[in-house]
Amino acid sequence: MTPSAARLPSPMPTPDLLSRNRLERVRLADLTTMRIGGPADLLWLEDRRDLPELLEQPHRWLGKGANLLVGDDGVPELVVKLGAAFDTCTMGPVTDGKTVVRVGAAFDLAKLISLTVKAGLAGPEGLAGVPATVGGALRMNAGTSTTWILNHVTRVEVVMPGTTTPQWIERADLPAAYRTCGLPAGVLFLGCELALAAEDPAVLQATATRLKQAKAASQPLAQPSAGCVFKNPRPDLPAGKLIDELGLKGTRIGGAEISTIHGNFIINPGRSAFAGDVAALVRVIRTTAWKERGVELKIEVETWACPSDLHAHPKDLTP
Ligand code: EPU
């Protein structure tokens, strides 16, 4: 499918906004790691002055598209990506023995890790291998089995839903937990500050390399996917292990497949899967986990314009 001709969003952004920020018609499959998703109007936000106008339009925020399943018909709302003005990282000053790092939400998390490792600043290396922009990682409190991004952050800059003015929130005031920043859906992250202690760069590099190697050995990184599909229901019950024990690895519907490498990944090996194929596999997994083990698996990936039953209680689902 190719993107259809430009279809102007409604309400139409003003000429001022369009003169400062690029608008294009895209196919969201090209902007998501799952390689699934229909057309949308994409606006690159380059200028903070335009936030209030933009926030009054129906919109959705897109980061790296690494944790996202989009429906095949695309979305009618304006899809907004933060541009170069938010793709920034500055280091210093040092306060109480820790270096303050200020980073914009569009900055790539892998780049942040590379910079802090080289500078000998500890913390972000624990997220090595997590595909995300800083903003996307903050929103879902992305992490590995050992740490979350919000463990290393002192404050975040956000625009809360229903408001148009950015504000800084101290980390202590965020009710963050496993895979959630604790703020309401629709919150926009503009950036954050981290306070990082010094450490030998060689030690940090060794940790980052070890984490990436462990991921490469246990996850289907060569195939399009949206990462882990489900949250782990309990620390002692990883979703991937449960799906493995249920014998579901390798199950295929249409072009989508439950990875044979890691049970919590649904892959799109031939780049031919529809969102409906993935949704059907999600239903199979959730109903089987419920019927066989009494476990409610909850979706970790963000879903846009997908069937709402993906989030319903599994007792109400039919595979
Ligand atoms: N396991 C199986 N079979 C499988 C998959 C896993 O038996 O098919 C077992 C493993 O052998 C291991 C246990 O389950 O004993 C846990 O597996 P793993 O170490 O892969 O960790 P995980 O809990 O499945 C979590 C995060 C990942 C993150 C890894 C490594 C969640 C939902 N997933 O996976 O994050 O990369 O730890 O830090 O918390 C993501 O969020 O998208 C993601 C992939």
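Arg155 and Glu193 pair through their side chains in a salt bridge, with N and O 3.1 Å apart. The two residues are 38 places apart in the chain, Arg155 in strand 8 and Glu193 in strand 10, so the pair links distant parts of it. Glu193 is buried, at 10% relative accessible area. The model is predicted, and the mean pLDDT of its protein chain is 94.

**Salt bridges**

- The count of salt bridges in the model comes to 21.
- In general, side chains of opposite charge can pair when their charged atoms come close.
- Arg283 and Asp309 form another of these bridges, at 2.8 Å from N to O.
- This pair also links distant parts of the chain: Arg283 belongs to helix 7 (residues 275-293), while Asp309 lies in the segment after strand 15 (302-304), 26 residues away.
- Arg283 counts as buried because its relative accessibility is 16%, under the 20% limit.
- Asp309, with a relative accessible area of 26%, is partly exposed.

**A salt-bridge network**

- Salt bridges link Arg20, Asp47, Arg49 and Asp50 in a network.
- Within it, Asp47 bridges to Arg49, and their closest N and O atoms are 2.6 Å apart.
- Asp47 is buried, at 16% relative accessibility, whereas Arg49 is exposed, at 59%.

**Nonpolar cores**

- The largest nonpolar core has 33 residues, and those touching the most other members are Leu109, Leu138, Leu150, Val156 and Leu183.
- Two or more residues of this core come from each of strand 7 (98-104), helix 3 (109-119), helix 4 (134-140), strand 8 (153-159) and strand 10 (188-196).
- Beyond its neighbours within four places in sequence, Leu150 contacts Leu138, Asn141, Val156, Arg171, Leu174, Ala176 and Cys181.
- Nonpolar side chains tend to be buried together in soluble globular proteins.

**Confidence**

- Of the residues in the protein chain, 96% reach a pLDDT of 70 or more.
- Residues 1-6 have pLDDT below 50, and this stretch makes nine contacts in the model beyond near neighbours in sequence.
- Where pLDDT is low, predicted coordinates should not be read in detail.

Key: Residues are numbered from 1 along each chain as its sequence is written. This is a predicted model: local features need pLDDT of at least 70, side-chain atom pairs count only at pLDDT 80 or more; totals for chains, interfaces and linings use all residues. Side-chain values use heavy atoms; hydrogens and water are left out. A nonpolar core is a set of buried Ala, Val, Leu, Ile, Met, Phe, Trp, Tyr and Cys residues joined through side-chain atoms within 4.5 Å. Buried means under 20% relative accessible area, exposed over 50%, partly exposed in between (1.4 Å probe, protein chains only). Helices (H or I, at least four residues) and strands (E, at least two) are DSSP runs, numbered from the N terminus. Contact means heavy atoms within 4.5 Å. pLDDT is the predictor's confidence in each residue, from 0 to 100. A salt bridge is a side-chain nitrogen of Lys or Arg within 4 Å of a carboxyl oxygen of Asp or Glu.
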